[in-house]
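Have a look at the structure alongside me.

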Amino acid sequence: MTEAKKDAPWLFRTYAGHSTAKASNALYRTNLAKGQTGLSVAFDLPTQTGYDSDHELSRGEVGKVGVPVNHLGDMRALFDEIPLEQMNTSMTINATAPWLLALYIAVAEEQGADVSKLQGTVQNDIIKEYLSRGTYICPPKPSLRMITDVAAYTQKHLPKWNPMNVCSYHLQEAGATPEQELAFALATACAVLDDLKGKVTPEDFPNMVGRISFFVNAGIRFITEMCKMRAFVDLWDEILLDRYGITDAKYRRFRYGVQVNSLGLTEQQPENNVYRILIEMLAVTLSKKARARAVQLPAWNEALGLPRPWDQQWSLRMQQILAYETDLLEYGDLFDGNPAVDAKVAALKQGAREELAQIDAMGGAVASIEYMKGRLVEANAERIARIEGNETVVVGVNRWTEAAPSPLTAGDGAIMVVDEAAERDQIERLTQWRATRDEAAVKTALATLREACADGRNVMPASIAAAKAGATTGEWGATVRTAFGQYRGPTGVSKNRSNRTEGLDPIREAVSAVSSRLGRQLKFLVGKPGLDGHSNGAEQIAARARDCGMDIHYDGIRLTPVEIVTAAAEQEAHVVGLSILSGSHLPLIAETMERMKAAGLGNIPVVVGGIIPEDDAAKLRAMGVAAVYTPKDFELNRIMLDIVALVDPTPVAAE
């Protein structure tokens, strides 16, 4: 009996990068040897936001959530002994995508590669950065221009390269409903295609459309998520045919990669995350019609800290078992003609069309950023409220919380920690790089880049020339900031209270009583020090504090400790809340606490939230931090009561 012919499996990836380019290179080569079939590069926050490792804002962020790449030498080290002409490389980079692609091309040329054969993707989706992830540099319009500059350049020079992932992944992480995820991502794609039409010929446009890919999220409601992917397939086909006149069906194919949901990974009973990741993977692999082209899975312990190579290997094995041990790839689509699936897909498409019509009426995705941001914050607030109210069950969090201790988290080394010396080492090599390059060549190349930004030329040729001359990521970022201006995105946190009242009356009474004793409304300043753009937690804390009657001050992301302390003084804050998810909490909080004391504000209680190991939490409390909250502290009303207790002056007055 002959074996049934199997479909080819998707690309197996793990999202990886940390500490230094050399350390990340060793990890990539190890993962490739274990059967990974594509690279997915994670860059650190300074690299993502266009700063060098020695910039003030980079302190504590270097090598924490990805690899630092400051210049051509770092990119060489990152891909040492990895033949780029044979590789399929996904780079999760957005604001600095033109620059990182320029460095990649320069290294490929040094390897002797045929650049026209390079395969891979730069994520290159700026609009979702304003809505959810926060690693933008410039205002929306010039950012859109740079997206399409990359696309137009690859059309001529890198015909196998995907110039953009429309990234709905972070939209779901920010709380988007499936309908919002569909609509906001498709609106972003339309904005890009509308701009791209002016940069490529009508003959080349269909081919360019066919190379726009998507990067999506798959959550735990895996039937809904599978139906969402089928809805994506149908809606994308519909939009390309009706709105853009793409008649060749192969160019209308919905091509996507996926990382399954990290938002739902729990700090409590983290071993349960293995099952969550597996179930979420099924949503993007079971349906042949809507199967992912590439899959990367988080590690079970990412709610605790940085995963180890073994943790990433475990996630890779999950994909390999599904693809090679099961018979999934021997069958056609399992859901065609299923009435329940068809009804759900139809409902999702209808909801997405209605949301898309609203965005179109407002002038498209770029014009609707503030509207979409507000919708995400409110949707996320509703999601959290359902968990708090036990309407949404999360095993180990709000039900079945009693459990045996996990042996997986026991002992030293259960969570990988970035070597503290890595940042110092990176800065030393950056200093040496600057000292040995041709300064005149760098200045000339950056001047050419600045002129290209100003006169509308494609920024890619000038970026490649700057990369080869020895310019740094921070210098490229400073050049485009000078040319296009800085930008601070909307927070999505309205000054007006929501209609949410569940459990708030006692807290409002407590806030009112404390405010009366203070002589003015309790003032709560929420700040995000450093480069971490994951603002969901800060937004939800600010919104709940507002609904509880506090006077909130929240300026959004990417603040220095100096700016936070200055705001605390100017606002006469009664309590300061700091949110950091990037792992830079120790140095940034230490500096903030020192500056608070120096400014005479040491009496103001400071609370901190983030993915913070208990050892680090103890260090923060020793610095004088009043309270530390981690993902396990999901009950926002309890946090609000804690804040009221911290600033209540009654015990002081009674002395």
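This is a predicted model: local features need pLDDT of at least 70, side-chain atom pairs count only at pLDDT 80 or more; totals for chains, interfaces and linings use all residues.

**Entry 1: overall build.** I asked how the radius of gyration of the protein chain compares with that of a compact globule. For 655 residues a compact globule would come out near 26 Å, and the protein chain has 25 Å, which agrees. Along the principal axes, the C-alpha atoms fill a box of roughly 80 × 65 × 55 Å. I noted 25 helices and 15 strands for the protein chain.

**Entry 2: surface and contacts.** What share of the 655 residues counts as buried? I found 59%. The accessible surface comes to about 25,600 Å², and carbon and sulfur atoms hold 52% of that. I also checked the contacts between residues at least 6 apart in sequence: 80% of them join residues at least 24 apart.

**Entry 3: strands E3, E4 and E5.** I turned to strand E4, residues 88-92. Four of its five residues are buried, so E4 is largely enclosed by the rest of the structure. Which strands does E4 pair with? Strand E3 (residues 39-42) pairs with E4 in the parallel sense over four bridges. Strand E5 (residues 119-122) also pairs with E4 in the parallel sense, again over four bridges.

Entry 4: I then sorted them by side. Tyr256, Val258 and Val260 lie on one side, with Gly257 and Gln259 on the other. Strand E8 (residues 212-218) runs parallel to E9 in a pairing of five bridges. To place that pairing on screen, I picked Ala218, whose bridge partner in E9 is Val260.

**Entry 5: strands E13 and E14.** Strand E14 covers residues 606-609. Val606 and Val608 point one way, Val607 and Gly609 point the other way, and all are buried. I found four bridges joining E14 to strand E13 (residues 575-579), with the two running parallel. Val607 in E14 is the bridge partner of Gly577.

**Entry 6: two positive phi values.** Most residues other than glycine have a negative phi. Two residues made me stop here. Arg558 has a phi near 65 degrees, a positive value in a residue other than glycine. Where does Arg558 lie? My note says the loop between strand E12 (551-554) and helix H21 (561-571). Is Arg558 buried or exposed? Its relative accessibility is 10%, so Arg558 counts as buried, the limit being under 20%. Glu572 is not a glycine either, and it has a positive phi of about 50 degrees. I located Glu572 in the loop between H21 and E13.

- Ala618 is in helix H23 (residues 614-623). With a relative accessible area of 42%, Ala618 is partly exposed. Val628 is ten residues away from Ala618 in sequence and 8.8 Å away in space, C-alpha to C-alpha.
- Leu278 belongs to helix H11 (residues 273-283). I logged Leu278 as partly exposed because its relative accessibility is 35%. Glu354 is 76 residues from Leu278 along the chain, and their C-alpha atoms are separated by 32 Å.
- Asp204 sits in the loop between helix H8 (178-196) and helix H9 (205-210). Its relative accessibility is 30%, so Asp204 counts as partly exposed. From Asp204 to Ala42 I have 162 residues in sequence and 31 Å in space, C-alpha to C-alpha.

Methods: Residues are numbered from 1 along each chain as its sequence is written. Side-chain values use heavy atoms; hydrogens and water are left out. The radius of gyration is taken over C-alpha atoms; the globule rule is 2.2 Å times the number of residues to the power 0.38. Buried means under 20% relative accessible area, exposed over 50%, partly exposed in between (1.4 Å probe, protein chains only). Contact means heavy atoms within 4.5 Å. Accessible areas come from the Shrake-Rupley method with a 1.4 Å probe; for residues, only the protein chains shown count as cover. Two strands pair if DSSP finds at least two bridges between them.
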